Amino acid sequence: QVQLVESGGGLVQPGGSLRLSCAASGISFRGMFSFATMAWYRQTPGKQRELVASINRGYQTDYADSVKGRFTISRDNTKTTVDLQMNSLKPEDTAVYYCKMAAASDDYWGQGTQVTVSS
């Protein structure tokens with residue numbers, strides 16, 4: 001079965017950078033990952049999970065207005081990973097960040113990684 005494992009979260013000061021990575025395993029057939037749209041979401045207590053960034057199979061990207069110009073999403077189909085480079089971090093970026101794989105058959109989620117931006 002498909003598993004997504006996020007890593008790279010932690011505590012960082014405002015203005016700092018972090019790089020999140022999501023590794024997919026249990027891919028059942030060749031092309032399942034490369035055809036999927038990969039995305040990062042985030043969630044804070046009491047709020048709905050929100051889309052941060054996505055990248056489709058054609059490498060087209062989309063970003064939430066709040067992170068445009070600061071965050072960059074990328075994917076490596078050979079390694080079945082998707083990364084989120086986060087620069088110029090702000091306290092309001094503090095959240096649990098989740099990786100999502102939207103495959104033809106189903107959606108898959110990781111367990112989340114905490115990002116805390118604080119001085």
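Colleague: Which residues does the disulfide join?

Modeller: A disulfide is a pair of cysteine sulfur atoms within 2.5 Å. Here Cys22 is joined to Cys99, with an S to S distance of 2.1 Å. The structure holds one disulfide. It links distant parts of the chain: Cys22 is in strand S3 and Cys99 in strand S9, 77 residues apart. Strands (E, at least two residues) and helices (H or I, at least four) are DSSP runs, numbered from the N terminus.

Colleague: What should I know about the model itself?

Modeller: This is a predicted model: local features need pLDDT of at least 70, side-chain atom pairs count only at pLDDT 80 or more, and totals for chains, interfaces and linings use all residues. Residues are numbered from 1 along each chain as its sequence is written, and side-chain values use heavy atoms, with hydrogens and water left out.

Colleague: Why is the disulfide of Cys22 and Cys99 called left-handed?

Modeller: Look at the torsion about the S-S bond. For Cys22 and Cys99 that torsion is about -80 degrees, so the disulfide is left-handed.

Colleague: Is Cys22 buried or exposed?

Modeller: Buried means under 20% relative accessible area, exposed over 50%, and partly exposed in between (1.4 Å probe, protein chains only). Cys22 is buried, at 1% relative accessibility. Cys99 is buried as well, at 0%.

Colleague: How many residues does the largest nonpolar core have?

Modeller: A nonpolar core is a set of buried Ala, Val, Leu, Ile, Met, Phe, Trp, Tyr and Cys residues joined through side-chain atoms within 4.5 Å. The largest one here has 31 residues. Trp40, Leu84, Met86, Tyr97 and Met101 have the most contacts inside it. Strands that each supply at least two residues of this core include S3 (18-25), S4 (37-43), S8 (81-86) and S9 (95-102).

Colleague: Which residues is Met101 in contact with?

Modeller: Contact means heavy atoms within 4.5 Å. Leave aside neighbours within four places in sequence. The contacts of Met101 then include Val2, Leu4, Ile27, Met32, Phe33 and Tyr108.

Colleague: What is the order of strands in the open sheet of four strands?

Modeller: Strands of a sheet pair through backbone hydrogen bonds, either parallel or antiparallel. Two strands count as paired if DSSP finds at least two bridges between them. This sheet has the order S1-S3-S8-S7, with antiparallel pairing. S1 (3-7) and S7 are the edge strands, each pairing on one side only. Between S3 and S8 there are six bridges. Arg19 stands opposite Gln85 in S8.

Colleague: Where does Asn87 lie?

Modeller: Asn87 is in the loop between S8 and S9. Asn87 is partly exposed, with a relative accessible area of 28%. A polar contact is a pair of N or O atoms within 3.5 Å; within protein, one must be able to donate a hydrogen and the other to accept it, and residues adjacent in sequence count only if both atoms are side-chain atoms. One of 2.9 Å joins the side chains of Asn87 and Gln85. Not counting residues up to four places away in sequence, Asn87 touches Gly16, Ser17, Arg70 and Phe71. Gly15 is 72 residues from Asn87 along the chain, yet their C-alpha atoms are separated by 7.1 Å.

Colleague: What is the phi of Tyr59?

Modeller: Tyr59 has a positive phi of about 70 degrees, although it is not a glycine. Tyr59 sits in the loop between S5 and S6. Tyr59 is partly exposed, at 45% relative accessibility. Thr80 also has a positive phi, about 50 degrees, and is not a glycine. Thr80 lies in the loop between S7 and S8. Thr80 counts as buried, at 16%.
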